[in-house]
Amino acid sequence: RNLDMLQKQGLVVKAYMIGEDKARFGLSSKKNYLICQKCKKIVIIDNCPFEKFKEELIEVHGFDILDHSIEVYGICPECKKSKNC
């Protein structure tokens with residue numbers, strides 16, 4: 001309930017995991033993540049790669065982009081080394 005209250009205040013963002021019946025919360029100022037599909041570790045991407053791509057999307061699609069969130073799914077280095085994850 002506390003996280004839902006923080007979401008309503010705009011302090012955190014709620015996102016649902018693809019293919020799972022789970023949600024995760026993150027700081028509203030941090031919206032770009034690498035997510036391990038094995039251990040579910042989440043790494044925040046500090047330098048947003050979207051800015052390079054944004055102008056091209058605006059030109060090609062004529063879309064007014066107001067905000068964005070990037071989630072990249074893969075396998076983290078620890079899980080690649082471990083047979084337990």
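This is a predicted model: local features need pLDDT of at least 70, side-chain atom pairs count only at pLDDT 80 or more; totals for chains, interfaces and linings use all residues.
Reader: Why is Cys 36 called buried?
Author: Buried means under 20% relative accessible area, exposed over 50%, and partly exposed in between (1.4 Å probe, protein chains only). Cys 36 has 3% relative accessibility, so it counts as buried. Cys 79 also has a value of 3%, and therefore counts as buried.

Reader: Which elements hold Cys 36 and Cys 79?
Author: Cys 36 is in strand 3 (residues 32-36), and Cys 79 is in helix 3 (residues 77-81). Helices (H or I, at least four residues) and strands (E, at least two) are DSSP runs, numbered from the N terminus.

Reader: What does Cys 36 touch?
Author: Contact means heavy atoms within 4.5 Å. Not counting residues up to four places away in sequence, Cys 36 touches Lys 41, Gly 74, Ile 75, Cys 76 and Cys 79.

Reader: What makes Glu 78 and Lys 41 a salt bridge?
Author: The term requires a side-chain nitrogen of Lys or Arg within 4 Å of a carboxyl oxygen of Asp or Glu. The closest N and O atoms of Glu 78 and Lys 41 are 3.2 Å apart, and the pair forms a salt bridge. The pair links distant parts of the chain, 37 residues apart: Glu 78 in helix 3, and Lys 41 in the loop between strand 3 and strand 4 (42-44). The structure holds one salt bridge.

Reader: Are the two partners, Glu 78 and Lys 41, buried or partly exposed?
Author: Glu 78 has 45% relative accessibility, so it counts as partly exposed. Lys 41, at 35%, therefore counts as partly exposed.

Reader: What lies 3.2 Å from a polar atom of the Asn 32 side chain?
Author: The backbone nitrogen of Ile 70 does. Asn 32 is in strand 3 and is buried, because its relative accessible area is 6%. Its contacts, not counting residues up to four places away in sequence, include Val 43, Cys 48, His 68 and Ile 70.

Reader: How do you know that Glu 51 and His 68 gather at one spot?
Author: The UniProt annotation "binding site" (unreviewed entry) covers Glu 51 and His 68. They span 18 residues in sequence, yet no two of their C-alpha atoms are more than 10.1 Å apart, so they gather at one spot. His 68 touches Glu 51, among other residues.

Reader: Why is His 68 called partly exposed?
Author: The relative accessible area of His 68 is 21%, so the residue is partly exposed. His 68 sits in the loop between helix 2 and strand 5 (70-74). Glu 51, in helix 2, is partly exposed because its relative accessible area is 45%.

Technical notes: Residues are numbered from 1 along each chain as its sequence is written. Side-chain values use heavy atoms; hydrogens and water are left out. A polar contact is a pair of N or O atoms within 3.5 Å; within protein, one must be able to donate a hydrogen and the other to accept it, and residues adjacent in sequence count only if both atoms are side-chain atoms. UniProt positions are given in the numbering used here, feature names are shortened, and annotations may be inferred rather than shown by experiment.
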